Amino acid sequence: MDETGQALLRVQDVAVHFGGIVALDGVSFDVAPGRIVGLIGPNGAGKTTLFNCISGLYECERGDIRFDGASLLEQPRHRIAALGIGRTFQNLALFRTMTVLENVMVGRHCRTRTGFVRNALRTPSVRTEAEDTVRKARELIALLELEALANVPVAALPFGTQKRVELGRALAAEPKLLLLDEPASGLNHEEVSLLGALIRTIRDRLRLTVLLVEHHMSLVMSISDRVVALNFGRKIAEGTPAEVRGNPEVIKAYLGAPA
């Protein structure tokens, strides 16, 4: 919560079923502005399903998801980014033949205002907007230490570097809330360590709120202010990293036996 008691993101009694499979079963938690919140749980716990509900990709059968005080369930999917929610995906979805700079610029699409006619005529407002898009993209590339690679096609880059490009594209939309879906997947130990520092830097410099789905427990526990644990679609624990790490239900979920 912020000083007024208002959560930036509020998940309220959310339920989702796929046929006879319970993906989410009455999940509720709040994400306060400026916090990093880790969402953990074994495979199939419902973490990505919840992300897809927040992003508008899935519909909730019950409950509500409120962002900045308004229900996301009333918003069309294409409006989610414009409202202030950015997202990376577990599987990279970059334009591989485009350069780093071009991929990051794509992320600003929801912040552009000029229409087809103005673009066709190359009016002054179009030129100003295009210059602003390039400037903002280059600022993010510098923040992510990708300046030397700005004009390199992403297909030629290592996997870990491509992950940073996707992060830059999500940040280009100027989100208030950044959803990170398994950002450490496929990274080596050194890259995971650097990623943790980068997420904190991004949160602090850009004044973001971060909701993080991740299996890499050391990363989650080292950077999160709060942690929410799911298992079989239910919330089984919530609290500080230390509280959740020692919770018997969490230990049982991961080890398959009583603590």
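1. Start with strands β7 and β8, which run parallel to each other and pair over five bridges. If you want a spot to look at, find Leu178: across in β8, its bridge partner is Val210. Keep in mind that this is a predicted model. The two strands also belong, together with helix α7, to a right-handed β-α-β unit.

2. β7 has a partner in β6 (residues 85-87) as well: these two pair in the parallel sense over three bridges. Here Gly86 is the residue that stands opposite Leu178. So how enclosed is β7 (residues 177-181)? Five of its five residues are buried, so the rest of the structure largely encloses the strand. Leu177, Leu179 and Asp181 point one way, Leu178 and Leu180 point the other way, and all are buried.

3. Asp181 makes a salt bridge with Arg87, with the closest N and O atoms 3.3 Å apart. Asp181 lies in β7 and Arg87 in β6, so the pair ties together parts that are 94 residues apart in sequence. Both Asp181 and Arg87 are buried. As background, side chains of opposite charge can pair when their charged atoms come close.

4. How many salt bridges does the structure hold? The count is 14. One of them joins the side chains of Asp13 and Arg62, at 3.0 Å from N to O. The pair links distant parts of the chain, with Asp13 in β1 (residues 9-18) and Arg62 in β4 (residues 62-67), 49 residues apart. Asp13 is partly exposed, with a relative accessible area of 33%, and Arg62 is partly exposed too, at 37%.

5. A salt bridge within a single helix is also there to see. The side chains of Asp132 and Arg135 meet at 2.6 Å, N to O. The two residues are three apart in helix α5 (residues 124-143), so about one helical turn separates them. Asp132 is partly exposed, with 24% relative accessible area, and Arg135 is partly exposed at 41%. Both take part in a network of salt bridges that also links Arg108, Lys136, Glu139 and Glu174.

6. Is Asn103 buried or exposed? With 0% relative accessibility, Asn103 counts as buried. Its side chain reaches the backbone nitrogen of Phe95 at 2.9 Å. Setting aside residues up to four places away in sequence, Asn103 touches Leu94, Phe95 and Met98, plus Val154, Val165 and Arg169.

Terms used: Residues are numbered from 1 along each chain as its sequence is written. This is a predicted model: local features need pLDDT of at least 70, side-chain atom pairs count only at pLDDT 80 or more; totals for chains, interfaces and linings use all residues. Side-chain values use heavy atoms; hydrogens and water are left out. Buried means under 20% relative accessible area, exposed over 50%, partly exposed in between (1.4 Å probe, protein chains only). Helices (H or I, at least four residues) and strands (E, at least two) are DSSP runs, numbered from the N terminus. Two strands pair if DSSP finds at least two bridges between them. A crossover is right-handed if, with the strands pointing away from the viewer, the path from the first strand over the helix to the second runs clockwise. A polar contact is a pair of N or O atoms within 3.5 Å; within protein, one must be able to donate a hydrogen and the other to accept it, and residues adjacent in sequence count only if both atoms are side-chain atoms. Contact means heavy atoms within 4.5 Å. A salt bridge is a side-chain nitrogen of Lys or Arg within 4 Å of a carboxyl oxygen of Asp or Glu.
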